[in-house]
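Work through the exercises below with the model open. Each task is followed by a stepwise solution.

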Amino acid sequence: MTATRFFRQLAAAAVLLTTACGGGSPTGSDGPTYAAIADTYVGTIGGVSQGYLADLDFTLTIAQSGGSLSGTYALDGTLFDGVDTYAVAGTGTITGSIQSGNNPSVNLTIRTSACPNYTAQFSGTYDTANQRLTIIGPMEFFNEGTCTVGLSIPTTLVMTR
């Protein structure tokens with residue numbers, strides 16, 4: 001084999017290896033890619049649970065830095081027990097994380113301003129194609145004047161931008 005033919009084969013092999021590795025960063029990894037979900041989402045909670053009819057609006061405002069999430073929430077509406085209607089409203093903060101990739105998992109910790117030691121955990125997914133956030137967790141209501149949970153409604157909440 002001549003030296004020229006050897007170098008041509010070596011050059012062809014180098015081109016194939018570069019193509020197979022995909023270029024990108026010098027280390028071969030560009031790091032994780034996170035879906036951009038920072039926005040305001042709205043959803044409704046309706047239905048009967050534990051003898052209460054819920055008619056609630058839930059608003060979630062998310063800020064994002066890579067895989068870290070933060071923001072605020074607001075809840076407003078009514079609970080009806082068949083006799084009395086109770087107005088409910090609440091606000092608080094959220095912190096959490098989003099996994100990298102397409103249709104990622106999302107985990108949120110919710111804190112209410114009324115009871116600073118209280119937290120609730122929600123988990124779910126972000127539907128990248130439809131820009132929907134689905135979270136599952138307890139929607140909990142406190143006894144009046146205390147931070148004791150008086151009603152807990154298991155909730156699957158589908159929210160849109």
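**Exercise 1.** Classify Tyr118 as buried or exposed.

Solution. Tyr118 has a relative accessible area of 15%. The cut-offs are under 20% for buried, over 50% for exposed and partly exposed in between, with a 1.4 Å probe and protein chains only. Tyr118 is therefore buried. This is a predicted model: local features need pLDDT of at least 70, side-chain atom pairs count only at pLDDT 80 or more, and totals for chains, interfaces and linings use all residues. Residues are numbered from 1 along each chain as its sequence is written, and side-chain values use heavy atoms, without hydrogens and water.

**Exercise 2.** Find the aromatic pairs and classify each one.

Solution. Rings of Phe, Tyr and Trp (its six-membered ring) pair if their centres lie within 6.5 Å; planes under 30 degrees apart are stacked, over 60 edge-to-face, the rest tilted. The count comes to 2 aromatic pairs.

- Step 1. Phe58 and Tyr73 have ring centres 5.7 Å apart and planes at 15 degrees, so they are stacked. Phe58 lies in strand S2 and Tyr73 in strand S3, so the pair ties together parts 15 residues apart in sequence. Strands are DSSP runs (E, at least two residues), numbered from the N terminus.
- Step 2. Check burial. Phe58 is buried at 2% relative accessibility; Tyr73 is buried at 11%.
- Step 3. Tyr118 and Phe142 are edge-to-face: 5.0 Å centre to centre, 90 degrees between the planes. Tyr118 lies in the loop between S5 and S6 and Phe142 in strand S7, so this pair ties together parts 24 residues apart in sequence. Phe142 is partly exposed, at 25%.

Note on methods:
Helix = DSSP H or I, 4+ residues; strand = E, 2+ residues; numbered from the N terminus.
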